[in-house]
Number of protein chains: 2
Amino acid sequence: MGKQMTEMLKGTLEGIVLAFLTGNPAYGYEITTWLRSQGFTDIAEGTVYALLVRIEKNGLVDVEKRPSEKGPPRKVYSLNADGEKYLEEFWTTWGFLAERLESLRTEGK
Amino acid sequence: MGKQMTEMLKGTLEGIVLAFLTGNPAYGYEITTWLRSQGFTDIAEGTVYALLVRIEKNGLVDVEKRPSEKGPPRKVYSLNADGEKYLEEFWTTWGFLAERLESLRTEGK
DNA sequence: GTCACTACTCAGCGCTACTATGTACCAGTA
DNA sequence: TACTGGTACATAGTAGCGCTGAGTAGTGAC
């Protein structure tokens with residue numbers, strides 16, 4: 001992956017995953033393949049699982065273990081109230097940054 | 001500063017500074033105050049200087065030392081050809097990410 | 001029986017922003 | 001003279017996040 005993208009994903013990847021989880025419980029492998037289908041082709045599996053561990057530890061998601069038809073049992077993550085609040089803050093932060101950058105790109109400065 | 005913002009700035013702060021430098025040579029202190037005026041009120045001085053050292057080492061900017069009317073001499077940074085190329089790549093990367101996030105925010109997923 | 005896909009885990013690394021502190025020059029002022 | 005405050009740069013140490021690379025395990029097809 002490009003170094004620029006790697007750095008830029010810091011902080012945003014978490015928001016992307018939380019946004020995906022909104023009203024759409026999912027498990028790690030599913031999230032990884034979805035990310036890749038969205039163009040984040042080089043996201044490492046390890047990255048996603050580490051992120052999931054983190055947001056679980058931070059209490060932003062609820063976890064449920066379900067058997068899988070194929071392979072080991074899945075850990076299904078769903079956004080809880082704290083997660084929704086956190087996601088809202090994320091959008092606020094993102095909105096500010098995106099606005100600043102957009103005006104930098106168009107106005108020149 | 002908010003933790004979310006701190007993480008999100010990783011990768012983007014560099015682009016912001018390079019964009020500011022486009023056709024607009026500036027020195028560290030000036031860049032810091034400009035960033036603060038743009039709403040990045042909590043950017044630490046040390047962060048900016050470290051970033052400037054980095055982009056200089058990576059050959060993205062040219063540096064010229066100029067005496068100041070007030071205080072120690074200034075190090076004036078200006079974007080060079082490599083910097084412009086790097087900035088272009090930055091906008092491409094940013095554009096992709098912004099597009100993905102925007103569609104996540106509006107479409108829901 | 002081995003290949004491919006599914007599914008999760010973990011140790012170690014590199015990069016970037018923050019914290020905290022220090023140096024130094026100059027102007028105003030009490 | 002001493003002190004305060006604004007200007008200007010520098011750096012050592014810390015924390016957080018994504019990546020690398022490797023490993024474990026269950027299932028089904030050939």
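Reply: Angles under 35 degrees count as roughly parallel, over 145 as roughly antiparallel, 65 to 115 as roughly perpendicular and the rest as oblique. This is a predicted model, where local features need pLDDT of at least 70, side-chain atom pairs count only at pLDDT 80 or more, and totals for chains, interfaces and linings use all residues. Residues are numbered from 1 along each chain as its sequence is written, chains are lettered from A and ligands numbered from 1 in the order in which they are written, and side-chain values use heavy atoms, with hydrogens and water left out.

Me: Why are α2(B) and α3(B) called roughly perpendicular to each other?

Reply: Helix α2 (residues 12-21) and helix α3 (residues 28-37) of chain B pack at an angle of about 110°. The angle is taken between N-to-C directions, from 0 to 180 degrees, with axes as lines fitted to C-alpha atoms over the stretch in contact. The pair is therefore roughly perpendicular. Their axes are 11 Å apart. Helices (H or I, at least four residues) and strands (E, at least two) are DSSP runs, numbered from the N terminus.

Me: What makes the contact between α2(B) and α3(B), and which residues meet there?

Reply: Contact means heavy atoms within 4.5 Å. From α2(B) come Leu13(B), Ile16(B), Val17(B), Phe20(B) and Leu21(B). They meet Ile31(B), Trp34(B) and Leu35(B) of α3(B). By class, that gives eight nonpolar, no polar and no charged residues. The nonpolar class is Ala, Val, Leu, Ile, Met, Phe, Trp, Tyr, Cys and Pro; Asp, Glu, Lys and Arg are charged; the others, Gly among them, are polar.

Me: Why is Gly15(B) called buried?

Reply: Gly15(B) has a relative accessible area of 2%, so it is buried (under 20%; exposed is over 50%, partly exposed in between; 1.4 Å probe, protein chains only). Gly15(B) sits in helix α2 of chain B. Beyond neighbours within four places in sequence, Gly15(B) touches Leu87(B) and Phe90(B). Leu87(B) is 72 residues away in sequence, yet 6.4 Å away in space, C-alpha to C-alpha.

Me: How do you know that α2(B) is mostly covered?

Reply: Count its residues: 10 of 10 are buried. Among them are Thr12(B), Glu14(B), Leu18(B) and Ala19(B). Just after the helix, Gly23(B) takes a positive phi of about 60°.

Me: How much area do chain A and chain B bury between them?

Reply: About 3,400 Å², with 71% of it on carbon and sulfur atoms. Buried area is the accessible area (1.4 Å probe) that two parts lose on being put together, summed over both. The contact takes in 36 residues of chain A and 36 residues of chain B. In chain A, Gln4(A), Met8(A) and Trp94(A) lose the most area to chain B, together 21% of what that side buries.

Me: What makes up chain A itself?

Reply: Five helices and three strands. From the N terminus they run α-α-β-α-α-β-β-α. Of the 109 residues in chain A, 44% are buried. Its C-alpha trace spans about 55 × 30 × 20 Å along its principal axes.
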